[in-house]
Amino acid sequence: MALQLACKATSRACNKAGIAMLFGLAGEVNSTGDDQKKLDVLSNEIFIDALTNCGACAVLVSEENEDPIFVPEDKAGRFVVAFDPLDGSSNIDCNVSTGTIFAVYEKKSEKNATVSDILRTGNDILVAGYCMYGAATELVISFKGHGVHRFTLDPSLGEFVHIQAHVQLPEGGGKKIYSCNEGNSRNWDAAIKGIIGKWKDRHGDKPYAARYVGSMVSDVHRTILYGGVYLYPADAKSKHGKLRVLYEGFPMAFIMEQAGGAASCGMFKGKIQRLLDIVPETIHEKCPVVIGCKRDVEAVLEEYKIQGLC
Ligand code: AFP
């Protein structure tokens, strides 16, 4: 309830951004070194307020806060939430979709929560989801073992309406789409260069289409509904890729697997790793991300074998 309330309030702020003069920079730099937008700051306050005061949470990790937030004892509950309140915020000022991404765990510590309650493998996630602020506001959420569900915000009611149960990626992998920032290709390893090359040159067959919004929520949402693969791989410059484990990699990998897809880091720290198996050591750690339909994620992993890299 707290998460969906915060999503509604963030949706309203995004819709009114132009009128309420919420476009532009707030003048600060966040925990991950990005310039904070006014809407980054506002949406972060919205999520922290909702999650701190709902009585259900013990620790919060936000992309916008360098340190974990420990909920005061009189308001503390048993859940731990990692979130990126407004992902894709470099798209805000040109009115392209953004989103919130979150993952929920249950704390292990018997008494007061500690940071170890959040530095865990993605296999411990109980609930993960994202809310997309696009042409419509859509909340996609999965409770472990209960499938992926889509809800669209009806602005006239102010409520999320359940529009699809047990969402699954299209049978066989769906549309042939790859989604990545190809501007980084010069620094990719041979396997990523190789597979993208094969998708573009299919010896007479129609090539894969390239689609990249640059807002992870939108690119992942399209991948779940249409098929294909989304990649932000490690490269020679960024050995851990760009995306954050706790509030980008893990929740999206969890949803992708629950929807019948696959989620890998590709080659990471010298081996191929399933994304949800990694264990972050710090709260803002990064990891490479290769997520989407099994057909395409497996083709990426196979390419590492073909190139003799694993
Ligand atoms: P911003 O929040 O700074 O816009 O970053 C968005 C993001 O974390 C993710 O949503 C995108 O998929 C990815 O970064 C885009 O990164 P590039 O700009 O390097 O392609």
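Residues are numbered from 1 along each chain as its sequence is written, and side-chain values use heavy atoms, with hydrogens and water left out. Because the model is predicted, local features need pLDDT of at least 70 and side-chain atom pairs count only at pLDDT 80 or more, while totals for chains, interfaces and linings use all residues.

I start with helix α6, residues 294-306. Helices here are DSSP runs of H or I, at least four residues, and strands are runs of E, at least two, both numbered from the N terminus.

Which residues of α6 are buried? They are Asp-296, Val-297, Val-300, Glu-303 and Tyr-304. Buried means under 20% relative accessible area, exposed over 50%, and partly exposed in between, with a 1.4 Å probe and protein chains only. The face turned away from the buried side of α6 carries the exposed residues Lys-305 and Ile-306. After α6 comes Gly-308, with a positive phi near 70°.

Next is helix α4, residues 216-226. Here 9 of the 11 residues are buried, so α4 is largely enclosed by the rest of the structure. Among the buried ones are Met-216, Asp-219 and Arg-222.

Last, Val-161 sits in strand β10, residues 159-164. Val-161 counts as partly exposed because its relative accessibility is 35%.

Conventions
Expected span 1.5 Å × (residues − 1).
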